[in-house]
Amino acid sequence: MSDEQNIPRPGFALELVDLRREFGEKVAVDDVNLRVPRGSFYGLVGPNGAGKTTALSMAVGLLRPTSGHAVVEGIDVWSDPVAAKRSLGVLPDGLALPERLTGGELLTYWGRFRRMDAAAVASRSAELIRILELDEAEQLGTLVGEYSTGMRKKIGLATALLHAPSVLVLDEPYEAVDPVSARVLTRILRRFTETGGSIVISSHVMSLVEQLCDRVAIVADGRVVADGTLDEVRAGVSLEDRFVGLVGGTEVDEEELSWIGS
Amino acid sequence: MDRLLISLKFTLLRNSSKGLRVVGWVVGAALVAGTWAAAALATNDQVRGSVLTLAFAGWVVGAALGPVLMSGSGTLRPDYFALLPIDRRALGRGLLVSTFVGIGSGYVVVAFLAAAVHAALVDPATLVLVVPGALLTWVFAITVSRLVYGLLGAAMRSKVGVEIAGIQFGLMFAAIFTGWMVVQAAIESIPALVRDGLPEGPITAVLDGFPSSWPLLAVEAAATGDWAAALGLLAALAGLDAVLVVATVAVLTPRQEVTARRRTGRRLSPRLVDGGGILPATQLGAVIGKEYRQWTRDPWRSLEVRSGVWTGIAIGFFALVSGEYAVLAAFSGLIVAFMMGVAALNLYGQDGSAVWQSVVGQDATSIRSDVYGRQWATVLVFLPHALLITVVFILLTQEFWVVPAVLAALPALFGAGSGAALITSAVGVSPGVDPRRRVGPNDANGNVSVHLWVVMALIAIGVLPTAAVILWSLLVPSTALSIVTVLVGLVNGWAAAWLFGRIAIGYLQNRMPDVFTRIRYGKVFRAEASSGVLDWVAALTLRGEQEMVAKKQKERQDKIAARSRA
């Protein structure tokens, strides 16, 4: 058996090669290299503004890179977008949806737009809506624009899963999701990787990433400062300590903010 | 607290567009001057009385409708203060009080003081009634204004609010298109009104019953010596004011339930979600269904539809009452078809960042389905309105000879308009405020001035064949030619829709991510240099957008600088 480094490119679910995005003077993503092996649950962690969302936007074909490549299952996202997007399921963070559809209507639109069979769309939508506990809202005719932040995450995840992709790219999937729904979410994602799918999530909740992911990359100032298996990156301490050690943190002295609680 | 709210309101208003406010001040001043001039120029007491009752009623109606467009009343919203530990009723009262302080409110009271001219001329002793009368009418008008706005919710949150905003925009567009007709009618009718007053009858009876007329009636009663009746009228107005104030404070007092789930309805499209539906279960059908629902359910899209419909109705009505140009009313449906092109000129911008779905879901046919689907949905939404308005106005004018021309022009305009709108939507995507943060009626679009001209030019080019045949059939009328005209219109419309659609599809084929980045980042990240007419228009619209953003930013910085200097 060859060692992991020598596996040819198609062995990776997602590969970012020297990926770079400049916004004027600012370098948001600075020649990032990442390899997400098939079947892995990959966590991208970093402080606010580290470039996680920008990197993921380029990886899924939403934002043109200044230079470099994003490759999904061996296919370059920017030179053959149609083929690459077939295997991608995407949950972006903070973007709008067709706000005036109900969750069921949105999934029906999305499935048919992706040219799925109507019966499959209907049965999968019904199942996703039930499992993600959006069925009450659907019964009441609640529109996506009236959903809470957590419900939006859930319907977004349903759209990402609907066409049974092999690679999921999820930007902050657990944000504002209640603990009960978070468990459901975790079960769905675990089932996804167990059946051979690959997942990349971004998050700034370290304990969540530690609990879910088998591989981690820490991103700061647009650069990858550490990556590898969870244990390699942790290097014997908790992920949070390692993260703060690499990224740097602001300590609060005793005398600062002394008025709190006074 | 009332003072705090008033100063907060002025701070917020200072941050609104200066140009619009100046226009408001000038128009308001002109209307005040007009009210006083009408009072001064009326030929006799009876004429002056009826002209002033009409003008005062106009002021009250204007005050009730105005805030939907000019944001004075809506500046402070009860829910801004929902989390503050302040007395709820005091807040409701403060919100009402803050409405009274403002330039518009000042204009209203000065206009009502025009009753002084009437009083001085009928009997100078009655002048004592004018100031209390004007103040009571002012309280009436401003309270009604705030009450109406409060009941509508913010205009864009209710169907009635959208309808009223639609009527206002419709009247505005109609006035722009047919300004000459209105100005001419006004020039002809106002001197007659000032000279002869309103004809006696139901109109004057209704106007006299309207509360804004009561101070004028009080002046007239006092002039005949009936001071008891005069004071009675003012007391009645004061009582009405008191009731309105109590009701308005109650409406403006924030309540807990408002934040609770608003929708307690039923499943919206069970058959569709269960795998059925009227439309075919294809990519194209999916886009048509999604777009049709967005058009009918989204307040900003509905406003585009309602504005277009009311523009057609208003122009038809203006033409009908003008007498001379009445025949033009028979073509009102065509206005609606034309307005569809204008309403849909920024569809991707209307979607805002939701366009990510069209990027991520791109496949070999998705862009074609997206463009043609949007065209179909737009036509399906506007066509019934255009047909209804056409039928009604042709029946009203009895000008049946226009039928073949209208039947040819409608499909041509719908085809060319839907295609032209998709071209500007694709090339000049102009984001405005992202869907969930939209509040005001103008939030959905950014700077679309270039788009408007491009759409009008493309529609004009797109309907040329039909226009030529219509002209020919008018010059040489014959039944055979009428049939040919209609056929040419149908083929022309279909061809224009297809051809313009193809242009939009060709443009978007490799640029869908650029459409998204224009919305998300306000710019396009593209290495290769662009050429061609479409790219030139794209660059032009993008520059317009960036200039508008830069201008707003500069205004804000100047203001901050000016304030820190002070």
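Guide: Domain bounds here come from an automatic or database domain assignment. This is a predicted model, in which local features need pLDDT of at least 70, side-chain atom pairs count only at pLDDT 80 or more, and totals for chains, interfaces and linings use all residues. Residues are numbered from 1 along each chain as its sequence is written, with chains lettered from A and ligands numbered from 1 in the order in which they are written.

Visitor: What distance separates the centres of domain 1 and domain 2 of chain A?

Guide: The assignment for chain A gives domain 1 as 10-87 + 165-247 and domain 2 as 96-162. Taken over C-alpha atoms, the separation of their centres is 25 Å.

Visitor: Which element gives the most to the side of domain 1 of chain A that touches domain 2 of chain A?

Guide: Two residues are in contact if their C-beta atoms, placed from the backbone, lie within 7 Å. On that basis, 10 residues of domain 1 of chain A meet 9 residues of domain 2 of chain A. Helices (H or I, at least four residues) and strands (E, at least two) are DSSP runs, numbered from the N terminus. Strand S7 (167-171) and helix H7 (179-194) of chain A each give two or more residues to this side, and the most, 3 residues, comes from H7(A).

Visitor: From which element does the largest share of the side of chain B that touches chain A come?

Guide: The contact takes 39 residues from chain A and 43 residues from chain B. Among the chain B elements giving two or more residues are helix H13 (270-273) and helix H14 (283-297). The largest share, 9 residues, is from H14(B).
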